[in-house]
Every structure is written in C-alpha cells, then in structure tokens.
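Got your viewer open and a selection box ready? Load the model and follow along, one selection at a time.

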Amino acid sequence: MKNRPVTTESPLVRALLITSAVIILTLFLLMPLFAVFAEAFRRGWEVFLASLHDDAALSAIKLTLIAAAVSVPLNTLFGLSAAWLVTKFRFKGRAFLLSMIDLPFAVSPVIAGLVWVLLFGAQGWFGPWLAEHDIQIIFALPGIILATVFVTFPFVARELIPLMEAQGSDQEEAGVTLGANGWQIFRRITLPNIKWGLLYGVLLCNARAMGEFGAVSVVSGHIRGKTNTLPLHVEVLYNEYQFSAAFACATLLAFLALLTLGLKSLLEQLSGHKAGGH
Amino acid sequence: MSISIKSINKTFGAYKALEDVSLEVPNGSLTALLGPSGSGKTTLLRIVAGLEFADDGPSKILFHGEDVSGVPAGKRGVGFVFQHYALFRHMTVAENIAFGLSVLPSKSRPGKKEASDRVKELLSLVKLDGLDKRRPHELSGGQRQRVALARALAIRPKVLLLDEPFGALDAQVRKDLRRWLRSFHDEIGLTTIFVTHDQEEALELADEVVVMRNARIEQIGSPQEVYDKPRSPFVYEFLGNVNKLTAPEGTHEYIRPHEIEIRFAAECEPLTDELGTIHHLFSAGPIANLSIRLDNGSFLDVEISRKILDEMCLDRHDRIAVKLRPEPA
C-alpha cells in the first residue's frame, strides 16, 4: 500500500496531468507569444522602432489610451455604486439589475458595437437628429468610447459584488449606530475592506478596454490615423501584408497582457498577506 | 434612560417577525430578551436601535418619554454590540474604539488628546489595557467582544443593546464574561437590553426576563418569577429541563427533574409513587442525571445530588420508586 495522502494521485497520473497541462500551455499561450516577439524583431530593431513611431501607430496608441482613460474611471464609478446598492440594500428590481450588469458578457462584442451603430449611425434611430446638430458619434471617438464603456461595464461590479456580499453589512451597521453618515461609512469602512478587489477589477477593466477589438471594430470605420485603436491598427497592418509592423504593434499589446498578469499576481499576494488571520 | 416600546409590528415580506409587541424597560435595568430562533427578539432589538423600523401603525418607541420612532440609528444615542462583534478589520483597537468620536461633527468632535484619553479610559474599563495597537484578527473572541463593547460605550450612549453577546464564544469564556458583564452593569448602571437564546444566561444575568416566542411576548418577569411561576407550557419548557406527564384524561402535567423524589423500590408508597427501572445514569459532575423508565412505559428525567446517589448506591437497571403525586390530604 503506497503511503501518500488520500487526495493525491499516483506519481504516474500526476506526471501525465502535468505534462499535458504544460503542452497545452506551450501550444496555446507560450508559442503564440513567442511568435509575436519573433516576428516583430525579424527585420531588426530599427524596423521595430520605426513601426511604433509611425504616425498612424502613434495615433492608434493615443486613441487606445483615451478610450481606456475614459471607460475605466466611468465603469469604476458605476461598479462601485452598483455593488454598494446591490449588496447593502434590498429593493424591487434588484435581481433585474444584477442580470443587466452581466449583459455585456453575454452579448457578442460585434453585437455590442452594432447596437451603437443602430442607435447613432446615419440610418440609426437618432441619426437624423445627430446629423442636424452636426454631431458625429459613429466612425468617431465618441462611438469608440461608447463601445468600450459597454463591453467593460461589468468588470468592476462583478469583482466587487461577491466580495461585498461575503463581507456582509455588519461593519457598516456598526458605523451607523456609531453616528457615521453615508459618505463616512463608505470612505472609512467599506472602501478599505474592498480595496484589493477594487484594484483587481480596475486592472481587468483596463486590460479589456485596451484590448477590445470586435465592438470597437464595428463602430470605428477603420479610418487610418483617426479612428483606429491599437488592436484595429494591428489588423489593418496585417491586411496590408506589413507583417513586421503588425507584430511590432502586437508586442505592445502583449506587453500590456504580461504587465496585467504581473500586477494581478502582485495584488493577489498583497491581498492574501493583508487578509491573513481573520 | 427608560425605554417604552408600544405596539410594534414588523413584517418582512410574508413573514411576521413581530406582532403587537409592547414592553417597558425601567431606567438602569438589565433586561434579557429570551426566546428560540425566530421568536423576534433580534428584530425587536434592532428596531429599538433604529437599524430597522416598525411597520406603519400606532407603534412608538420612547426613550425617557421622548418619541424616537422616526429617529435614525446614528442619532438615537444607542450603543450596539453585534453578535459577531463587527469590528473594523483594518483599524487598530484604539481606532475602532475612537471611531464614534471621530465621526462627530467638527463642533462636538474631541481633540486628539481628549479622544486618546477616552480610549485609554475605556480600555481600562474593559480590562484590555495595552492592546490599543493590536488589530482585531490578533485578538481572541472574548477580547474582541470587549473591544466591541468599549467602542459602543465611547459615544456615551443612553442605552446599551447587545445581540447575543456571548453566542460565538467558548463555554468557559462565556461564563467569565457573563459574570464580568453583570458586575460591569452594576458599576455603570446603563439601561441595557440583551438578546439571548440561552435561558441559563438570561436567568443568571438579567433583572428582568422577557420570554418571546413566534413574534410575541409570552411572559415578562424577574428570573425567579418566570422560572417558578411560568404562565404557559412554553415558558415552563423553555426555561429549564422538564418532564411532561400525560394524565389518563389527556391533560398534561409538568414537573422539573430536581423536584422529583426517589426511593428504593422496596419502600414504594402505592398512593404517591410509581415504580420503574433506571434506564440510564449520568453521574460525572456535581449532579446525577437519571433516566427512569416507568412501568407504565413513559420516561422520566430525574436530577439528584451525588450525595444521595452515593448513599443509595444506585446503578443502571436498578428498580426504583418515584414520588409523582402529592400525599393525599
């Protein structure tokens, strides 16, 4: 009879499982990542840097940053309010609100973009009104922002709601009996308790905001130098057979992904460290 | 600060938590709300605190004659201690205790030194000197409970409300804290209401016991009163061990295990006694508990002192006579 804990597998099974996991990881994650970097530098450093300094590329980077800079704070604010509302209060329509928060996850990104075109496009519901007032939403920055806000809607809320639900309202109620007002309770009791979850949600929200392709692709119109975000720019370059340039831009997105993962691990470590003991 | 509770009704959806509950709590008393889960005791406490509000109707809550029914919790001047302490996890003990002071409007807010002195004073009061820099997760259950108490007292409340204060603690810690709370209450004389489902705790601690069941008050009285003169079978059964005997006519009789006399089977008096066999015997402790199977089939729990047990040399399967009826006149 082998002497090992009941919940582990035999050495053979363990080796098999670990090997298959490593193979899958390599095939689907490491190889593509390596390929991106390999292709990006295939024609040398100069070409790589030139691709990134290209006007269109710079404009794409700028647009991506703007889209993130607007949607992340907006959705953080929204996520905080929604989570606070849903976890501290019981009201009619609460279940409905919860399902609505999940809607952007259920919907295909292409549809998420199409919705805005149908609303604000030239033939859309508000099309004539917008044309009258000379407001351009679709094929312009506002449209891109709307699409990005929509698809990154749930991230902060979804991170905070289970966390706050699990923490309960006891501490907040204690704050109430001690005479604190709503803002004092939120700032001094709730916020410190959720800070790691909040940061994590913001991190994921940002990663998605910068990397979104489908929804933004539908509303942007792909106007080079004007309405291309970084992911869209990569596609444009690739379709023009500028492979090295495409991959060069892709490395930026790959760096973003690696940075996100690194920060995520750091946050997990820090929050685990702080939370230890209770 | 006396508390007057008048005609409180509270419904949660389809569930009736409190039905026409009225209660007078005298100034300075230590009152227990005692009852099983779901009896409404915690709901009542929370309504007194202002954490919940009674249903619309003639209900009123008066503090020393003043109507506070519509006043929110923060402004009622109540100190509330939660069952699981609800300490602020990321603050130190000192910061927890000083919290109520730190959220006062700037006019009434004490300065740093004054607040710090008050915190020290309270830490001494609850016998936790020197623990001011600790965090809640570094404290034992009993210590956390006392921090929660100090925190509630920091704002000089007029009324102290405790929700199952010792529920989450070990038996020994519970006993010690019970004793401590009683002398603490005697020392500061603050009107206090505490909720418990532990009848021993209520009887030991309280000046007045309010027995609740199914959204209503069953009986109010001193511990002696509710134990010796219960007004309903429920109160009788809830407040201690009880034997329930069914007479042939179908009526029930109640008798407490320690009120039953036993004799050797050979000394059985037919007019007052029933014969039976000792089914089970538990004697590890100051009192011996016997489970006796009467010849008529029913079981009886009897408590006798160890002294009597040893004198009679009783053991399992012994025949025994149990005095169940009073001597005929």
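A nonpolar core, as used on this tour, is a set of buried Ala, Val, Leu, Ile, Met, Phe, Trp, Tyr and Cys residues joined through C-beta atoms within 7 Å. Keep in mind that you're looking at a predicted model. For the complex, the predictor gives an ipTM of 0.84 and a pTM of 0.81.

**Stop 1: the cores**

Start by selecting B:Ala32, B:Leu33, B:Val48, B:Ile97, B:Ala148, B:Ala150 and B:Leu161. The largest nonpolar core has 78 residues, and these are the ones that touch the most other members. Now zoom in on B:Leu161. Which residues does B:Leu161 touch, leaving aside those up to four places away in sequence? They are B:Leu45, B:Val48, B:Ala49, B:Val78, B:Gly79, B:Phe80 and B:Ile193. Then pick A:Leu80, A:Val218, A:Ala246 and A:Ala248, which are among the members of a second, separate core of 53 residues. As background, nonpolar side chains in soluble globular proteins tend to be buried together.

**Stop 2: a covered strand in chain B**

Select residues 30-34 of chain B, and you have strand E3, where 5 of 5 residues are buried.

Residues 191-196 of chain B form strand E8, which pairs with E3(B) in the parallel sense over 5 bridges. Within that pairing, look for B:Ile193 in E8(B) opposite B:Thr31. B:Ile193 has already come up, as one of the residues touched by B:Leu161. Residues 208-213 of chain B are strand E9, also parallel to E3(B), with 4 bridges between them. Here B:Leu33 has B:Val210 of E9(B) as its bridge partner.

**Stop 3: two positive phi values**

Stay in chain B and go to B:His64, in the loop between strand E4 (60-63) and strand E5 (66-67). Its phi is positive, about 55 degrees, although B:His64 is not a glycine. B:His64 counts as partly exposed because it has 13 C-beta neighbours inside 10 Å.

Then move to B:Tyr85, in the loop between strand E6 (78-81) and helix H2 (93-102) of chain B. B:Tyr85 is another residue other than glycine with a positive phi, near 70 degrees. Why does B:Tyr85 count as buried? It has 23 C-beta neighbours inside 10 Å, so it counts as buried. If you're wondering about confidence, chain B has a mean pLDDT of 90, with 100% of its residues at 70 or more.

**Stop 4: over to chain A**

Colour chain A by secondary structure and you get 13 helices and 0 strands. Its C-alpha atoms fill a box of roughly 70 × 60 × 30 Å along the principal axes. Of its 278 residues, 33% count as buried. Among the chain A contacts with a separation of 6 or more, 75% are between residues 24 or more positions apart.

**Stop 5: where the chains meet**

Finally, show both chains. The contact takes 15 residues from chain A and 20 residues from chain B. On the chain A side, helix H9 (170-177) and helix H10 (182-211) are the elements that give two or more residues. H9(A) supplies the largest share, 6 residues. Coloured by class, that side of chain A shows 6 nonpolar, 7 polar and 2 charged residues.

Methods: Residues numbered from 1 in each chain as written. Chains lettered and ligands numbered in written order. Predicted model: local features only at pLDDT ≥ 70, side-chain atom pairs only at ≥ 80, totals over all residues. Contact = placed C-beta atoms within 7 Å. Nonpolar A, V, L, I, M, F, W, Y, C, P; charged D, E, K, R; others polar. Buried ≥ 20, exposed ≤ 12 C-beta atoms within 10 Å, placed from the backbone. pLDDT = per-residue confidence, 0-100. Pairing = 2+ DSSP bridges.
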